[in-house]
Amino acid sequence: MGTSLVAASLLLLLAGAAGLCRALFSLPLRVSPPAAPGASPPAPVLLRPASGSRRQQQEPVGEADGLALASDPAGTLNFLAMVENLQGDSGRGYYLEMLIGTPPQTLNILVDTGSSNFAVAGAPDPDVTSYFNPELSSTYKSQGIDVTVKYTQGSWTGMLGTDVITIPKGINGSYTINIATILESENFFLPGVKWHGILGLAYDALAKPSSSVETFFDSLVRQAKIPNIFSLQMCGAGLPVSGSGTNGGSLVLGGIEPSLYQGDIWYTPIKEEWYYQVEILKLEVGGQNLELDCREYNADKAIVDSGTTLLRLPQKVFSAVVQAIVRTSLIQEFSSGFWTGSQLACWDKTERPWSLFPKLSIYLRDENSSRSFRISVLPQLYIQPILGIGENLQCYRFGISSSTNALVIGATVMEGFYVIFDRAQRRVGFAVSPCAGFVKLAGLLLATLVSWHLGYFLSALVPEEVISASITNLQDIGKKPVIRAPNPKRQKCDHWSPCSPGSYAYRVLSGGGKEKLAKICFEDELLISEAKGNVGRGINIAIVNYTTGEAISTNFFDMWTGDHSAEMMAFIKNAPEGSLIFMVTHDDGSTR
């Protein structure tokens, strides 16, 4: 679309397209031997893709990669049984059905990788439809310990106890788990939510009242002898945020289900085991680097958190991203209320505004610390449709917000991917999620590795205190004021998005027949066109001054009527040094 001002004097313009395809391979099942009583859980079994996998070809044999699968004689794990065991959407969170107590009481539990307590409503609340009554469970045991958890938005206070749980679409069996019954809460249970408690899947460092409280997943690993790994797919990409809980997803406990992702899994190390803290090296908007110091992205932490609705960015990063989106999008005079989340933007229902916005790219450090990989966030992920507003309009919200204490890769991003929380090998993995249909068609995701200079490492950014994760923006977004989005703004030479600063905009269109003549546009000026009367059959050439961007001369050479190649070469050779030369054909029959 644009050519850099430091390009060579003669341009060769090549265009290509690359797609993602899934390699077909069989996965032999390996069975872990029975563990002795009290022994450590079995380690994940590592299986590598077949030799056609791109990642395997790049990585030396022996580096951890592939699928963590496990089973045992008791049949505890059946990953296919866990597929589609979640309901929800990014507006209200994704939740899992769970049976608690004896006899079992059925509750929906929010899946949150940004906190560590397992807690359920333990008393009636106007915003929940069900609650757990410990007095009706013969297996409930109170520990007599008060517990309070504060999130960025909302808090609750309850009583710590233990009881047995069963997950109908999870691992087989019943297990005794620490459970907090929520007796009082503030802005935690919100109107219209479909869940009745929260399942914190982060590390015990975040557990309240202290890290001595064994977390839900640690209890499963210990009691069920499953590998210390789980994976999460949330299927709301490009779908309306409604709060109806119809989008769904999958929480796979103990491993990775191959049917839930496409292509390769790319892993980034976990920097510290409290949240799932990762390291972000840079951000791009529309392919353009924000040029911020990498410490800005990680101040004071960068985490992967399913309980946070949006992609949350530190204020300086957020401002830079919004400015870059405004600069590179096709939206003109857009209300600031949309970017701050106080307004929704509406288009006619027949329109899809995603083509008006650029993609975002988040670069994460690879397991090989001298390299990185990127996850690309298409507009379908961060320009999110809202259900049921207006008869002829479809309204959207901005799926990115500012943060005061962290960069949070929340549901806005995670809905495009299958995310693996490999605690055993201290890493988080990302792979393309096939339930995001547009992702598969657009070839969204994980780009090839990008080399970084050896020795380029970010200094440790250790927060002074542990701050509980947030369940962000679960408010009733349907009540926000709406704005009618303006028509797209036109870019130079009719491009969909502007060229980067310091670049020229150009477009060359070949011709065919008498009705379709060739065109060359440069910096929004037609150098060769029917309107200018300087286009013809054969090879059309425009010469432009590289420094000033002014057209020097144009001509066309009809090779059909005879050999005019010598004239054409003389025309080119007469171009001043440092010229840009654009060439386009129109019904040219030459072979020279």
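## The N534 contact

The side chains of N534 and T554 are joined by a polar contact of 3.3 Å. A polar contact is a pair of N or O atoms within 3.5 Å; within protein, one must be able to donate a hydrogen and the other to accept it, and residues adjacent in sequence count only if both atoms are side-chain atoms. N534 sits in the loop between β34 (525-528) and β35 (538-545). Helices (H or I, at least four residues) and strands (E, at least two) are DSSP runs, numbered from the N terminus.

N534 has 13% relative accessibility, so it counts as buried. Buried means under 20% relative accessible area, exposed over 50%, partly exposed in between (1.4 Å probe, protein chains only). Leaving aside neighbours within four places in sequence, N534 is in contact (heavy atoms within 4.5 Å) with L527, I528, S529, N540, T554 and F556.

## Basis of the model

This is a predicted model: local features need pLDDT of at least 70, side-chain atom pairs count only at pLDDT 80 or more, and totals for chains, interfaces and linings use all residues. Residues are numbered from 1 along each chain as its sequence is written, and side-chain values use heavy atoms, with hydrogens and water left out.

## The β36-β35-β37 sheet

β36, β35 and β37 form an open sheet of three strands in that order, with antiparallel pairing. Two strands pair if DSSP finds at least two bridges between them. The edges are β36 (551-557) and β37 (579-586); each has a single partner strand, so one side of each is left without a neighbour in the sheet. The twist averages 15 degrees from one strand to the next. Axes are lines fitted to C-alpha atoms, for helices over the stretch in contact, and angles run from 0 to 180 degrees between N-to-C directions.

Six bridges link β35 and β36 in the antiparallel sense. I541 has N555 in β36 as its bridge partner. Helix α10 (residues 565-573) lies across β35, β36 and β37, and runs at about 170 degrees to β36.

## The β24-β25-β21-β31 sheet

This open sheet has four strands and mixed pairing. β24 (383-386) and β31 (482-484) are the edge strands, each pairing on one side only. Here the twist averages 40 degrees from one strand to the next.

Strands β21 (residues 344-348) and β25 (residues 393-398) run antiparallel and are joined by four bridges. C346 stands opposite C395 in β25.

## Nonpolar cores

The largest nonpolar core has 107 residues; M98, F118, L251 and F398 have the most contacts inside it. Such a core is a set of buried Ala, Val, Leu, Ile, Met, Phe, Trp, Tyr and Cys residues joined through side-chain atoms within 4.5 Å. Helix α5 (residues 315-328) gives the most to this core, with seven residues. A second, separate core has 20 residues, including V147, V149, F188 and V193.

Beyond four places in sequence, F118 touches M98, I100, I109, I165, I177, N178, I179, A180, I198, L199 and F216.

## Helix α3

Helix α3 (residues 216-224) is largely enclosed by the rest of the structure, because seven of its nine residues are buried. These are F216, F217, D218, S219, L220, V221 and A224. Just after α3, K225 takes a positive phi of about 60 degrees.

## Whole-chain totals

The protein has 592 residues, and 53% of them count as buried. Its secondary structure comes to ten helices and 37 strands. Among contacts between residues at least 6 apart in sequence, 70% join residues at least 24 apart.
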